[in-house]
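The sequence and structure come first.

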Amino acid sequence: MGFREDMVWGTATASFQIEGGAASSERGFTVWDDFCARPGKIADGSDGTVACDHYHRWREDISLMRELGYSAYRLSLSWARLFPEGAGSLNQEGAAFYDALFDALLQNGITPYVTLFHWDLPYALYQRGGWMNPDIVSWFGNYAQAAATLYGDRVKHFITLNEPQCFIGLGHVSGEHAPGAVLSRRSVLTMAHHALMAHGMAAQRIRKIAPDAKIGIAPTSTVACPATDSAEDIQAARDAYFGAGDPENYMWNVSWWSDPLFFGTYPAEGLARFEGDLPEFGPGDMRLIAQPLDFYGQNIYNGYSVKSDGAGGVLRLSRPLGSPRTANYWPVVPESLYWGPKFLYERYKTPIVITENGVSCTDPVCLDGRIHDFDRIDFYRRYLRELRRAAEEGTDIRGYFAWSFLDNFEWARGFTERFGLVHVDYQTQNRRPKDSAYWYGEVCRKNGDNI
């Protein structure tokens, strides 16, 4: 039993969080550059101008991946590095950076999984309306076509969007993330619809250029886990997971973002709840959104417990006092990596890739010069055991990417959180693998048999 023999094991990063090189490469200004420049928006007042300086240190980073035994790498392209204005002329220097990066990855036996959009929208497009402007569907399609043309001979796995719940929800509902807007529900639902259409357009364009490429998307979810193994509680968890959710947090549900991808329609419960705020749907919108996908990525970090109320409803349970939490106070819920993939595969019947899973820890450098992050190893072991249980029971798990390869710029938290397997000293940019980095290398080499 265990994981399938061709299971993909890797680590993940995002362009704005690690690359830096903003000044030296003609990278365009992004909504996150603008957000970072606003006082009080980033916890430590930092920005992504340098980040982990991966733009200059990528050779060192790839060598480290190879030495640690990681055979796949999920990275994102910076849209603004390739097209500083979001559209128009290609930045040759930016294109050459990724060209060399992909060559080096393949030469070192590392398979690239490329995310086209991981939140860093070119500011020039934001000035033209960003996700509110229906033209973003073609803007994103043109960008995806260029990426496939430039790199499709070497990149065989593309992910269109990362966590649309976040860049739409946190960016335009709560305003916690760039661009820091707080908009009406009608506006937000319009942007969500455009994002899904942009995904479909990108998938179409990639398939024309690179017909053998595998294409997916990477939404996120906080998993509803049943309090017991009773049929009633399991159904309650399933209902909660795919339901319309909290009316005040309406971006945080699975079905609104994923039913259109696979079924070509929005869920009936959501349509009823959002009636009066829905955008106008064009006759071909849903056909465009529902492009065939080769895998369904999912970013899962935690979950919550529910039970049946005995009358067809759902009760959300409070966590017991003293329940474990991570350094950034997220709950530790290993079973979320069992129930989430299980429920998603049951509903959408598409191979699952865990595109992000990981943990923030305090990670001090100890007196012996090492980072003994036993808590991270324990976290990964617990979660991976649950993922293996799902695989053994028939959920089609194709891959797993640990977040993150490097400590990095954690968005509004700046450099106050450390998710990396590799420690980064932000004063010197020195990389230092943590104990978990070596342990995870063994997981990759042994296909999870050591968990």
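## Cysteines

The sulfur of Cys 444 lies 18 Å from the closest cysteine sulfur, that of Cys 361, which is too far for a bond. Cys 444 is buried, at a relative accessible area of 10%. The model described here is a predicted one.

Cys 166 is likewise in no disulfide: the nearest cysteine sulfur belongs to Cys 36 and is 16 Å away. With a relative accessibility of 6%, Cys 166 counts as buried because the limit is under 20%. The count of disulfides in the model is zero.

## Nonpolar cores

The largest nonpolar core holds 134 residues. Those with the most contacts inside this core are Trp 32, Leu 77, Trp 79, Leu 116, Trp 131, Tyr 400 and Tyr 440. Helix H9, residues 185–209, gives the most to this core, with twelve residues. Apart from this core lies another one of 13 residues, with Val 8, Ala 72, Ala 218 and Phe 401 among them.

Leaving aside neighbours within four places in sequence, Trp 131 is in contact with Phe 117, Leu 121, Ile 136, Leu 161, Phe 167, Ile 168, Met 191, His 194, Ala 195 and Ala 198.

## A three-stranded sheet

Three strands form an open sheet in the order S6-S8-S9, and their pairing is mixed. Strand S6 (223–226) and strand S9 (314–316) stand at the edges; each has a single partner strand, so one side of each is left without a neighbour in the sheet. Neighbouring strands are turned against each other by 45° on average, direction ignored.

S6 pairs with strand S8 (residues 303–308) in the parallel sense, over four bridges.

## Surroundings of Ser 360

Ser 360 is in the loop between strand S10 (352–357) and helix H15 (374–392). At 1% relative accessibility, Ser 360 counts as buried. The side chain of Ser 360 makes a polar contact of 2.6 Å with that of Glu 417.

Not counting residues up to four places away in sequence, Ser 360 touches Thr 326, Ala 327, Asn 328, Arg 376, Glu 417, Arg 418 and Phe 419.

## Backbone exceptions

Most residues other than glycine have a negative phi, and most peptide bonds are trans. A cis peptide bond joins Ala 178 and Pro 179, with omega about 5°. Pro 179 is in the loop between helix H8 (164–172) and H9. Another cis peptide bond, with omega about 10°, joins Trp 403 and Ser 404. Ser 404 is in the loop between strand S11 (397–403) and strand S12 (422–425).

Two residues with positive phi remain to be described. Glu 163 has phi near 45° and is in the loop between strand S4 (157–162) and H8. Glu 163 is buried, with a relative accessible area of 7%. Gln 429 has phi near 65° and is in the loop between S12 and strand S13 (430–433). At 7% relative accessibility, Gln 429 counts as buried.

Note on methods: Residues are numbered from 1 along each chain as its sequence is written. This is a predicted model: local features need pLDDT of at least 70, side-chain atom pairs count only at pLDDT 80 or more; totals for chains, interfaces and linings use all residues. Side-chain values use heavy atoms; hydrogens and water are left out. A nonpolar core is a set of buried Ala, Val, Leu, Ile, Met, Phe, Trp, Tyr and Cys residues joined through side-chain atoms within 4.5 Å. Buried means under 20% relative accessible area, exposed over 50%, partly exposed in between (1.4 Å probe, protein chains only). Helices (H or I, at least four residues) and strands (E, at least two) are DSSP runs, numbered from the N terminus. Contact means heavy atoms within 4.5 Å. A polar contact is a pair of N or O atoms within 3.5 Å; within protein, one must be able to donate a hydrogen and the other to accept it, and residues adjacent in sequence count only if both atoms are side-chain atoms. A disulfide is a pair of cysteine sulfur atoms within 2.5 Å. Two strands pair if DSSP finds at least two bridges between them. Axes are lines fitted to C-alpha atoms, for helices over the stretch in contact, and angles run from 0 to 180 degrees between N-to-C directions.
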